[in-house]
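Student: Could you take me through this structure step by step, so that I can follow each point with the sequence beside me?

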Amino acid sequence: GSGGLTRLAYFPIGEGGDLGGGAAAVDTATGNVFFTNSHANTVSVVSGATNKVIGTINAGESPYGAAADPTTRRVYIGNQISRNVTIIQDTFVP
C-alpha cells in the first residue's frame with residue numbers, strides 16, 4: 001500500500017449526504033468505531049476487531065460531530081439541524 005498503508009476492508013455505511021457525515025469516534029474500551037451518517041440521521045457502529053458494521057443507531061437530525069468516553073463507554077453525537085446531542089451507550093461486545 002501507499003506509504004505503508006494497506007486497505008483491510010471496504011463496506012457501505014449510512015448516507016452522509018453532501019457533507020459526507022462528519023465524524024468518526026473510537027471507543028478505546030471496546031475498539032468500536034462510530035461513524036455519523038448526516039443524511040440518514042443515523043450512526044453506524046463498526047467493530048474494530050472484525051471490520052464489519054455491527055449496528056446502526058438512530059440519532060437526531062444531521063448527526064455530525066462525535067466524541068467517545070472510554071471510561072463510561074458513552075459516545076456523544078452532536079446533531080446539526082435538531083440542535084441537540086444523542087448519547088449512545090456502547091454495549092456492543094468486541
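Student: What percentage of the 94 residues in the protein is buried?

Tutor: This is a predicted model, in which local features need pLDDT of at least 70 and side-chain atom pairs count only at pLDDT 80 or more, while totals for chains, interfaces and linings use all residues. Residues are numbered from 1 along each chain as its sequence is written, and side-chain values use heavy atoms, with hydrogens and water left out. Buried means under 20% relative accessible area, exposed means over 50%, and partly exposed lies in between (1.4 Å probe, protein chains only). By that rule, the buried share of the 94 residues is 30%.

Student: Which secondary structure elements does the protein have, and in what pattern?

Tutor: Helices (H or I, at least four residues) and strands (E, at least two) are DSSP runs, numbered from the N terminus. The protein has zero helices and seven strands. Read along the sequence, the pattern is therefore β-β-β-β-β-β-β.

Student: Which strands stand at the edges of the open sheet of four strands?

Tutor: Two strands pair if DSSP finds at least two bridges between them. The open sheet has the order E1-E2-E3-E4, with antiparallel pairing. Each edge strand has a single partner strand, so one side of each is left without a neighbour in the sheet, and these edge strands are E1 (24-27) and E4 (53-58).

Student: Which residue in E2 stands opposite Ala24?

Tutor: E1 and strand E2 (residues 32-37) run antiparallel and are joined by four bridges. Opposite Ala24, the residue in E2 is Phe35.

Student: Which elements give two or more residues to the largest nonpolar core?

Tutor: A nonpolar core is a set of buried Ala, Val, Leu, Ile, Met, Phe, Trp, Tyr and Cys residues joined through side-chain atoms within 4.5 Å. The largest one has seven residues, namely Ala25, Phe34, Val43, Val45, Val75, Ile77 and Ile88. The elements that give two or more residues to this core are E3 and strand E6 (74-79).

Student: Which residues does Ala25 touch, not counting those up to four places away in sequence?

Tutor: Contact means heavy atoms within 4.5 Å. With sequence neighbours up to four places away set aside, Ala25 touches Asn32, Val33, Phe34, Ala66, Ala67, Ala68 and Val75.

Student: How many Å apart in space are Arg73 and Ala29, C-alpha to C-alpha?

Tutor: Arg73 is found in the loop between strand E5 (63-69) and E6, whereas Ala29 is found in the loop between E1 and E2. Arg73 and Ala29 are 44 residues apart in sequence, and their C-alpha separation in space is 6.8 Å.

Student: Is Ser62 buried or exposed?

Tutor: Ser62 is found in the loop between E4 and E5, and Ser62 has a positive phi of about 60° although it is not a glycine. With a relative accessibility of 8%, Ser62 counts as buried.

Student: What relative accessible area does Arg73 have?

Tutor: Arg73 has a phi near 60°, a positive value in a residue other than glycine. Arg73 is partly exposed, and its relative accessible area is 29%.

Student: What radius of gyration does the protein have?

Tutor: The radius of gyration is taken over C-alpha atoms, and the globule rule is 2.2 Å times the number of residues to the power 0.38. With 94 residues, a compact globule would have a radius of gyration near 12 Å, which agrees with the value for the protein, 13 Å.
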